[in-house]
Amino acid sequence: MLNIIWLALIVISIVVAAINGRMELINQAAFDGAKTGVTVCFGLLSILAFWMGLMRIAEKSGLLELLARALSPLIQLLFPDVPKGHPAIGYILSNMSANLLGLGNAATPMGLKAMEELQKLNGDKQVASPAMCTLLAINTASITIIPTTMIAIRMQYGSVNPVEIVGTTLLSSFAATIVALLIDRLYRYRHVRRYR
Amino acid sequence: MYQWVSLISLWAIPVTIAFVLLYGWRKQVPVYETFVEGAKGGLTTTIRILPHLIAMMVAVTMFRESGALELLLGLLRPVLDTLHFPEELVPLALLRPLTGTGSLAIATDLIAQHGPDSFLGRLAATMQGSTDTTLYVLTVYFGAVGIRNSSYALKVGLWSDLAGVIFSLLIVTYVFSK
């Protein structure tokens, strides 16, 4: 998929530039783009390193577990077909709390562990179960408290107040997550009716 | 509403920092050493993104400079005008569910072109920050346990991406128009 997108973007650009007679611009653009890639990446380094350092403290002090415990009443509601006390629940909670803190790197291994446990409960090993779909919905519309990457990029381009998008991002991702869960419920309901 | 959102924006980071540090201190975590150890991970992550970001930034810059972007936006204009959707953000909205670094490259380009504190710059940042790369998450999570048929998960993911785009537009318009 990525192969096609990347290839198409570049090939279309060259063809269009040829028609428009913008060949000099396209030469410049290729090198400028590569340079921007490097500068943006090093701009990200500062905030990413800072945030990951801070979050390691959160992890080690057990703050992540504390957050997981706070979220646990939600589980019964979101995953009605996972039995109480099943190991999947612990992993789902860690995955959700890591996502909330913007810890993508910690969230993924926990999410994968949760998937493995849900797969054990799954009747058909080739087809995703409703619980798996819900876990995925939570992860694709992840609520983020601090959008570190975008703050870093806004800083780099000289924003007066780089953090002013924190509130809008939080609200919008929260709303999107609610919608994702509602749509997930709708599909789950239809799915269960069809295959019963 | 505006005051609340800017209050959250202003306080979220300092409160998180103070809370994490104090909690760690109370739990007798060596905060300084732990911070340094974790920050090292930021270096690895950055190096891992670097080649992807270079590849995507080259493609996006070429696409804009060649005039292909104008052409695409020109084609979409009649539809978007009736929907009141800012045309500059269409490439970002389209690429967001497909590639994380690709959409990051587009968001960066928009912020560079229009300025971080412009309406488009703020909207691009909010949009990029409020959804995840659906296709990537689906591939990794389901691939890891050998699921072949993703059932309705992709549909849910894409709908929620659309919701993220619409909510970003509404919320940014509302919050920053005052």
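**View 1. Ser151(B) sits in the loop between helix H7 (134–144) and helix H8 (153–176) of chain B.** The model is predicted: local features need pLDDT of at least 70, side-chain atom pairs count only at pLDDT 80 or more, and totals for chains, interfaces and linings use all residues. Residues are numbered from 1 along each chain as its sequence is written, with chains lettered from A and ligands numbered from 1 in the order in which they are written. Helices (H or I, at least four residues) and strands (E, at least two) are DSSP runs, numbered from the N terminus. Ser151(B) has a positive phi of about 55 degrees although it is not a glycine. Ser151(B) counts as buried because it has 20 C-beta neighbours inside 10 Å. The term buried means 20 or more other C-beta atoms within 10 Å of the residue's own, exposed means 12 or fewer, and partly exposed is in between; C-beta atoms are placed from the backbone.

**View 2. Gln28(B) is found in the loop between helix H1 (2–26) and helix H2 (31–65) of chain B.** Gln28(B) is not a glycine, yet its phi is positive, at about 60 degrees. Gln28(B) is exposed, because 9 other C-beta atoms lie within 10 Å.

**View 3. Helix H5 of chain B covers residues 100–114.** H5(B) has 15 residues and reaches 21 Å from its first C-alpha to its last, close to the 21 Å expected at 1.5 Å a residue. The expected span is 1.5 Å times one less than the number of residues in the helix. H5(B) is mostly covered, with twelve of its 15 residues buried. Among the buried residues of H5(B) are Gly100(B), Ser103(B), Leu104(B), Asp109(B) and Ile111(B). Gly115(B), which has a positive phi near 90 degrees, follows H5(B).

**View 4. Chain B as a whole has eight helices and zero strands.** Its pattern along the sequence is α-α-α-α-α-α-α-α. The C-alpha trace of chain B spans about 60 × 50 × 35 Å along its principal axes. Of the 178 residues in chain B, 48% are buried. Among contacts in chain B between residues at least 6 apart in sequence, 61% join residues at least 24 apart; two residues are in contact if their C-beta atoms, placed from the backbone, lie within 7 Å. The average pLDDT of chain B is 89, and 99% of the residues score at least 70. pLDDT is the predictor's confidence in each residue, from 0 to 100. The model scores ipTM 0.85 and pTM 0.85.

**View 5. UniProt places the feature "transmembrane region" (unreviewed entry) at residues 7–25 and 156–176 of chain B.** The UniProt positions are given in the numbering used here, feature names are shortened, and annotations may be inferred rather than shown by experiment. Residues 7–25 of chain B are 100% helix and 0% strand, with end C-alpha atoms 27 Å apart. Residues 156–176 of chain B are also 100% helix and 0% strand, and here the end C-alpha atoms are 30 Å apart.

**View 6. At the interface, 90 residues of chain A are in contact with 90 residues of chain B.** Helix H1 (2–20), helix H2 (23–60), helix H5 (104–121), helix H6 (130–140), helix H7 (148–156) and helix H8 (166–195) of chain A each supply at least two residues of the side that touches chain B. H2(A) gives the most to this side, with 25 residues. By class, the side of chain A that touches chain B holds 55 nonpolar, 26 polar and nine charged residues. Ala, Val, Leu, Ile, Met, Phe, Trp, Tyr, Cys and Pro count as nonpolar, Asp, Glu, Lys and Arg as charged, and the others, Gly among them, as polar.

**View 7. H6(A) is mostly covered, with eleven of its eleven residues buried.** These buried residues include Pro130(A), Met132(A), Leu135(A), Leu136(A) and Asn139(A). Leaving aside neighbours within four places in sequence, Leu136(A) is in contact with Val137(B), Leu138(B), Tyr141(B), Ala153(B) and Gly157(B). The largest nonpolar core has 109 residues, and Met132(A), Leu135(A), Leu136(A), Leu53(B), Leu92(B), Ala124(B) and Val156(B) touch the most other members. H2(A) gives the most to this core, with 14 residues. A nonpolar core is a set of buried Ala, Val, Leu, Ile, Met, Phe, Trp, Tyr and Cys residues joined through C-beta atoms within 7 Å.

**View 8. Gln126(A) lies in the loop between H5 and H6 of chain A.** Gln126(A) is exposed, because 9 other C-beta atoms lie within 10 Å. Not counting residues up to four places away in sequence, Gln126(A) touches Ile147(B), Arg148(B) and Asn149(B). Gln126(A) and Thr169(A) are 43 residues apart in sequence and 36 Å apart in space, C-alpha to C-alpha.
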